[in-house]
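Me: I would like to go through the salt bridges of this structure step by step, with the reasoning spelled out. Could we begin once the structure is in view?

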Amino acid sequence: LAAAGARLTVTDVAESKRALADELGAAWVDPADAHLVEADVFVPCGLGGVLTPAVVRELRVRAVVGAANNQLASRDVADMLKGRGIVWAPDFVVNAGGVIYLDVASAPDADQAGLDARIAGIGDTVASVLQGAEATGSTTLEAAEQLARTRLDAAR
């Protein structure tokens, strides 16, 4: 993102990562204040439960898309995000690459092209979730769970 010209504000609980931020030309913020940064996207990674009601009330972003597992402190936070007009791409959809890798790589006939195609499909799945939420007026959490149920039912 930095190489593509994005303006980044980053943080980490490990202060030593600040050198990387400097190298990338990124602004550094204290971890406790990361959710207060006005930005297009808030990207929580490595820390679950970060999206609490208090944090969501203070967010100044258009979207939340991150690789942290279990980002929502509770299910009602998905409703809060929707109510504030903040798009949330569910972590279990966005972060599916690891599970896909384990599934494909464990197959006896695993190939890199197949793996790459499945991982590239994550974007299509996120789009389906966003479209499903929009079409039904639901949260992206509900839309992602419905998509998962539909896919599981079809696999049976």
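Reply: Before we start, a residue is called exposed when its relative accessible area is over 50%, buried when that area is under 20%, and partly exposed in between. Please keep in mind that this is a predicted model.

Me: Is Glu38 buried or exposed?

Reply: The cut-off that matters here is a relative accessible area over 50%. Glu38 has a relative accessible area of 59%, and therefore it counts as exposed.

Me: Which residue meets Glu38 in a salt bridge?

Reply: A salt bridge needs a side-chain nitrogen of Lys or Arg within 4 Å of a carboxyl oxygen of Asp or Glu. The side chain of Glu38 meets such a partner at 3.8 Å, N to O, and that partner is Arg60.

Me: How many residues apart are Glu38 and Arg60?

Reply: Glu38 lies in the loop between β2 (27–28) and β3 (41–42), whereas Arg60 lies in the loop between α2 (53–58) and β4 (63–64). The pair thus links distant parts of the chain, and the two are 22 residues apart.

Me: How many salt bridges does the count come to?

Reply: Another pair is Glu15 with Arg18, whose closest N and O atoms are 3.2 Å apart. With the 4 Å rule applied, the count comes to five salt bridges.

How values were computed:
Residues are numbered from 1 along each chain as its sequence is written. This is a predicted model: local features need pLDDT of at least 70, side-chain atom pairs count only at pLDDT 80 or more; totals for chains, interfaces and linings use all residues. Side-chain values use heavy atoms; hydrogens and water are left out. Helices (H or I, at least four residues) and strands (E, at least two) are DSSP runs, numbered from the N terminus. Buried means under 20% relative accessible area, exposed over 50%, partly exposed in between (1.4 Å probe, protein chains only).
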